[in-house]
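Have it open while you read, and follow the points in order.

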Amino acid sequence: MSSALYTASATIDNAHEDDIWHTCWIPGKHQLASAGCDEVVKLWNAQSGECAGTLKDGDHAITSLDIDAQGTQLLTSSMDHKMRVWHLDGSNQDQTAPAQTIDTGAIGAWKSRFVPRRNEESTSLIASSTDRGTVKLWSAKSGKQVSELNTSRPKFLYALAVSPDGAKIACAGVGSQVYLFDVESGALSCTFSGHSDNVRSAAFSADSMLLVTASDDKQIQLHDARFGSPAATFMGHYGWVLSAEMHPSGAYIASGSMDAKVKIWDVAQRACVETHSQHSQAVWSVAWQRSSDDVAVARPMLASAGEDHSVSLYDPLLA
């Protein structure tokens, strides 16, 4: 490549005391959250690299992290089989008591995601994936389960994604298939069968039209969520691909792998255009900076985190 897209701007060493499994940006801000095995969520100022606050309630590894589109609520799942909702009020204070705790039962929420409301009449929901091939839908208000989506295959679902328009839910895990559900009807819309091994992550494009998945088969696959058809396959990692996410513009995909590399892929070229080697061990999470309803992020930063306990930040040069 003649011109770089992103440059590694900072690495926060020893950001956590153990493996970092998740990163997620607060929409419209230069702040992100990270979480993993050391049982604490940390909030970071991406410009200074300083910790802006911690969220901790319990002594179990955090298996999932999400922030709502408004940037006001943060959602975690932990190995104590509980989901926790935290309020992000901008005060950057350490918190030890979540606003809401939902007991999901044994492995009832390995991954959990806020479901955006489609309109003012829609019920606010939280989705969670299980080890039994189902996705549970919970009332965000009462914390009670309201319905369940069933893949008909009782396998562990590692990956869960909700489309930004709130219309679709994708899930995958043990086995190679990716399942796409319609939220309103609860019906299984389609099944993607392009992978040949376990699927580790799933994420929708900002316009909800495309779904990107990452797998132990060392592949990243792009699917057309509108028509249920495959769109593209990306190969180049030398280990399991643990995380993949689309750039807000839809032009690029970032991925992290067991090979300790972060790669950026050009969707139109169907090719890797950049490889970063800031990490020394497996990269469990990659995340693009997000816009909010009030603040548009024209040139988003990229974050990655992993087994080496560090968070790396990348500044855009051309993207």
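1. M246 stands opposite I253 in β23. The strands here, β22 (residues 241-246) and β23 (residues 252-257), run antiparallel and are joined by five bridges. Strands are DSSP runs of E, at least two residues long, numbered from the N terminus, and two of them pair if DSSP finds at least two bridges between them. Bear in mind that this is a predicted model, where local features need pLDDT of at least 70, side-chain atom pairs count only at pLDDT 80 or more, and totals for chains, interfaces and linings use all residues. Residues are numbered from 1 along each chain as its sequence is written, and side-chain values use heavy atoms, with hydrogens and water left out.

2. β22 is mostly covered, with five of its six residues buried (under 20% relative accessible area, 1.4 Å probe, protein chains only).

3. Now to T213, which sits in strand β19 (residues 210-215). T213 counts as buried because its relative accessibility is 0%. Which side chains does the side chain of T213 touch through polar contacts? One is that of H195, at 2.8 Å, and another is that of H223, at 2.9 Å. A polar contact is a pair of N or O atoms within 3.5 Å; within protein, one must be able to donate a hydrogen and the other to accept it, and residues adjacent in sequence count only if both atoms are side-chain atoms.

4. Four strands make up an open sheet in the order β2-β3-β4-β5, with antiparallel pairing. β2 (20-25) and β5 (51-55) are at the edges with a single partner strand each, so one side of each has no neighbour in the sheet. From one strand to the next, the twist averages 20° (axes are lines fitted to C-alpha atoms, and angles run from 0 to 180 degrees between N-to-C directions).

5. Inside that sheet, β3 (residues 31-36) and β4 (residues 41-45) pair in the antiparallel sense over four bridges. The bridge partner of A33 in β4 is L43. As a reminder, strands of a sheet pair through backbone hydrogen bonds, either parallel or antiparallel.

Terms used: Buried means under 20% relative accessible area, exposed over 50%, partly exposed in between (1.4 Å probe, protein chains only).
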